[in-house]
Amino acid sequence: MSITPQQSFVIDQLQVRVYDNRETMGQAVASDISNEIIKVLSRQDKVRMIFAAAPSQNEVLTHLVNDRSIDWSRVEAFHMDEYIGLHPSAPQSFGQFLKERIFSKVPIQTVNYMDSKGAIEVECERYGKLISAAPIDIVCLGIGENGHLAFNDPPVAQFHDPSIIKAVELDEICRQQQVNDGCFAVLDEVPTQALTLTIPTLYAGARLFCTVPSVTKQEAVRRTLYEEISTACPSTILRQHPHCTLYLEPESYGIKQ
């Protein structure tokens with residue numbers, strides 16, 4: 001089903017679409033992802049996908065779960081980041097978030113969860129090998145309030161990072177966003193370290209679907225679209241990806257109703 005955006009334009013190579021509201025935006029993103037899955041499966045045996053775990057993705061995930069046209073038995077899934085020091089079953093765990101909202105609800109072929117409980121170097125090697133085993137077809141991502149992609153905050157983001165996955169220190173803006181999103185009650189509860197796929201790993205995805213709702217992301221969206229491309233706002237790099245679409249709604253785009 002095709003949903004017409006209220007605005008559609010291109011900045012550099014980035015396709016930008018603004019929808020009437022958050023629900024319509026989520027429905028449109030899910031429809032586009034579904035169509036891409038079907039297209040990829042028409043030419044190869046399975047689809048390899050990376051999923052963001054954040055409240056910004058809720059509507060998208062709900063519509064994907066309800067889409068009966070997707071052959072999940074031919075989908076291999078990854079998630080893009082995970083806290084260090086948080087129990088895997090904690091509700092704030094990104095693996096648990098995705099398990100509850102999508103992976104436990106569809107007959108998916110394989111889910112590759114990050115394990116942040118043990119030796120971090122060993123896990124980076126293990127997960128890096130899984131990611132690099134074959135090309136990534138689809139990345140479902142968002143943008144942080146500081147412009148981060150996954151947990152590549154400005155202080156640690158590298159556009160030419162040699163790593164596939166790495167451990168990072170989370171900056172305070174990023175940690176406060178987790179409180180703003182309702183994931184934690186107070187800042188002190190938010191872990192200070194995490195595992196994250198690097199920007200080159202995400203950028204290597206053949207097709208990127210970037211969903212950014214909420215007024216709290218309005219400044220990050222403005223910077224993404226109009227600032228100089230640099231790691232001061234990591235999401236600016238999306239303007240150079242040949243096949244990335246940024247999905248917005250009036251609050252995140254800044255349209256007055």
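Trainee: How many residues does helix 1 have, and what does helix 1 reach from its first C-alpha to its last?

Mentor: A helix can be read by setting its end-to-end reach beside the span expected for its residue count. In this predicted model, helix 1 runs over residues 22-41 and has 20 residues, and its reach of 29 Å from first to last C-alpha is close to the 28 Å expected at 1.5 Å a residue.

Trainee: Which side-chain oxygen reaches a backbone nitrogen at the start of helix 1?

Mentor: At a helix start one can look for a side chain that reaches a backbone nitrogen. Here a side-chain oxygen of Asn 21 comes to within 3.2 Å of the backbone nitrogen of Glu 23.

Trainee: Which residues have the most contacts inside the largest nonpolar core, and which elements give two or more residues to this core?

Mentor: A core is read by asking who belongs to it and where the members come from. The largest nonpolar core has 44 residues, and those with the most contacts inside it are Ile 33, Met 49, Phe 51, Leu 64, Trp 72 and Ile 102. The elements that give two or more residues to this core are helix 1, strand 3 (47-51), helix 2 (58-65), strand 4 (75-79), helix 3 (94-103), strand 7 (138-141) and helix 5 (172-180), and the largest share, eight residues, comes from helix 1.

Trainee: What does Ile 33 touch, not counting residues up to four places away in sequence?

Mentor: With those neighbours set aside, Ile 33 touches Met 49, Val 60, Leu 64, Ile 138, Cys 140 and Phe 209.

Trainee: Does Ala 150 count as buried or exposed, and why?

Mentor: Ala 150 counts as buried because its relative accessibility is 7%, and buried means under 20%.

Trainee: With which side chain does the side chain of Arg 239 make a polar contact?

Mentor: The side chain of Arg 239 makes a polar contact with the side chain of Asp 12 at 2.7 Å. Arg 239 lies in the loop between helix 7 (218-226) and strand 11 (244-248) and, at 7% relative accessibility, counts as buried. Asp 12 lies in the loop between strand 1 (7-11) and strand 2 (14-18), has a positive phi of about 55 degrees although it is not a glycine, and at 51% relative accessibility counts as exposed.

Trainee: Which backbone nitrogens does the side chain of Asp 171 reach?

Mentor: The side chain of Asp 171 reaches the backbone nitrogen of Ile 173 at 3.3 Å and that of Cys 174 at 2.8 Å. Asp 171 is placed in the loop between strand 8 (165-169) and helix 5, and counts as buried at 18% relative accessibility. Leaving aside neighbours within four places in sequence, Asp 171 is in contact with Asn 146, Asp 153, Pro 154 and Pro 155.

How values were computed. Residues are numbered from 1 along each chain as its sequence is written. This is a predicted model: local features need pLDDT of at least 70, side-chain atom pairs count only at pLDDT 80 or more; totals for chains, interfaces and linings use all residues. Side-chain values use heavy atoms; hydrogens and water are left out. Helices (H or I, at least four residues) and strands (E, at least two) are DSSP runs, numbered from the N terminus. The expected span of a helix is 1.5 Å times one less than its number of residues. A polar contact is a pair of N or O atoms within 3.5 Å; within protein, one must be able to donate a hydrogen and the other to accept it, and residues adjacent in sequence count only if both atoms are side-chain atoms. A nonpolar core is a set of buried Ala, Val, Leu, Ile, Met, Phe, Trp, Tyr and Cys residues joined through side-chain atoms within 4.5 Å. Buried means under 20% relative accessible area, exposed over 50%, partly exposed in between (1.4 Å probe, protein chains only). Contact means heavy atoms within 4.5 Å.
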